[in-house]
Amino acid sequence: HNPVISPVPSQQTQTGQTITLDITTTDEDGDAVNLFVDSSAPAIAQPQVVSSSQITISGLTAGASMITVTANDNHGGTTATSFIVTVIGQNHAPAITPLAAQTLQVSQIAELPVTVADADGDTVTQTAASGDTNVLEATITGGTSVRLIGIAAGTTNVTLTADDGQGGTINSVFQVDVGAPNQPPTIDPIAGQIMNAGDTLDLTY
């Protein structure tokens with residue numbers, strides 16, 4: 001009688017990772033069963049038999065491969081089962097071009113371009129957070145710039161965060177100094193004066 005091998009469900013792994021799968025076989029005749037394994041795309045998923053009941057699959061590059069496990073009872077009886085392994089490429093965190101320290105005045109609004117790149121081509125969501133919202137407000141506008149609004153004199157940090165939605169995030173921090181708005185000089189009023197022709201009058205102000 002041919003040996004019996006239990007089906008294996010589809011699997012998923014990442015490049016650079018190796019998964020271990022238990023393979024269940026039975027033989028009605030009580031014969032010892034050996035396993036053999038093959039990959040339709042060994043450059044994507046490389047399988048290996050490690051025992052009479054286990055195989056490993058190493059993810060090499062992103063893609064999909066059909067893995068076929070064959071059970072052989074060494075008496076002419078064989079049976080096989082196949083399943084799909086999907087290998088996902090490793091995700092890379094996005095990158096943010098750092099921003100230099102900024103200076104602005106109370107009530108002043110500044111728009112600064114933010115440059116973000118993602119090596120995997122993922123859609124990146126950006127957020128901005130002020131370390132002290134009593135000093136400065138910071139928000140992302142249009143997905144490509146950060147808007148700063150000076151609220152009160154002081155110094156705080158702004159944290160920019162880029163998230164690729166695939167587990168990759170990165171932060172970039174820059175400092176903002178908010179100064180009090182410039183005030184025009186003041187002069188005390190000078191009271192009316194009386195003087196005679198030819199006199200010189202010195203006034204303090």
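**An open sheet of three strands**

Q: In which order do the three strands of the open sheet stand?
A: In this predicted model, strands are DSSP runs numbered from the N terminus (E, at least two residues; helices are H or I, at least four residues). Two strands pair if DSSP finds at least two bridges between them. The pairing in this open sheet is antiparallel, and the order is β12-β16-β15.

Q: Which strands stand at the edges of the sheet?
A: An edge strand here has a single partner strand, so one side of it is left without a neighbour in the sheet. This holds for two strands: β12 (109-113) and β15 (136-141).

Q: What is the average twist from one strand to the next?
A: The angle is taken between axes, which are lines fitted to C-alpha atoms (for helices, over the stretch in contact), and runs from 0 to 180 degrees between N-to-C directions. From one strand to the next, the twist averages 20 degrees.

Q: For which residues does the model supply local features, in terms of pLDDT?
A: Residues are numbered from 1 along each chain as its sequence is written, and side-chain values use heavy atoms, with hydrogens and water left out. The model is predicted: totals for chains, interfaces and linings use all residues, side-chain atom pairs count only at pLDDT 80 or more, and local features need pLDDT of at least 70.

Q: Over how many bridges do β12 and β16 pair?
A: Strand β16 (residues 145-150) pairs with β15 in the antiparallel sense over six bridges. Within β16, Arg147 is the bridge partner of Thr139, and Leu148 stands opposite Ala110. The antiparallel pairing of β12 and β16 runs over five bridges.

Q: Which residues form the covered face of β12?
A: In a regular strand the side chains alternate between the two faces of the sheet. The uncovered face of β12 holds Ile109, Glu111 and Pro113, while the covered face consists of Ala110 and Leu112.

Q: Which side chains meet in a salt bridge?
A: A salt bridge is a side-chain nitrogen of Lys or Arg within 4 Å of a carboxyl oxygen of Asp or Glu. The structure holds one, at 2.4 Å from N to O, and its side chains are those of Arg147 and Glu111.

Q: How many residues apart in sequence are the parts that this pair ties together?
A: Arg147 lies in strand β16 and Glu111 in strand β12, so the pair ties together parts that are 36 residues apart.

Q: Is Ser107 buried or exposed?
A: Buried means under 20% relative accessible area, exposed over 50%, and partly exposed in between (1.4 Å probe, protein chains only). Ser107 is found in the loop between β11 (102-105) and β12. Its relative accessible area is 58%, so Ser107 is exposed.

Q: What is the phi of Asn74?
A: Most residues other than glycine have a negative phi, and most peptide bonds are trans. Asn74, in the loop between β8 (63-72) and β9 (78-88), has a positive value although it is a residue other than glycine. Its phi is near 65 degrees.

Q: What radius of gyration does the chain have?
A: The radius is taken over C-alpha atoms, and the globule rule is 2.2 Å times the number of residues to the power 0.38. The C-alpha trace spans about 135 × 25 × 20 Å along its principal axes. A compact globule of 205 residues would have a radius near 17 Å, but the chain has 36 Å.
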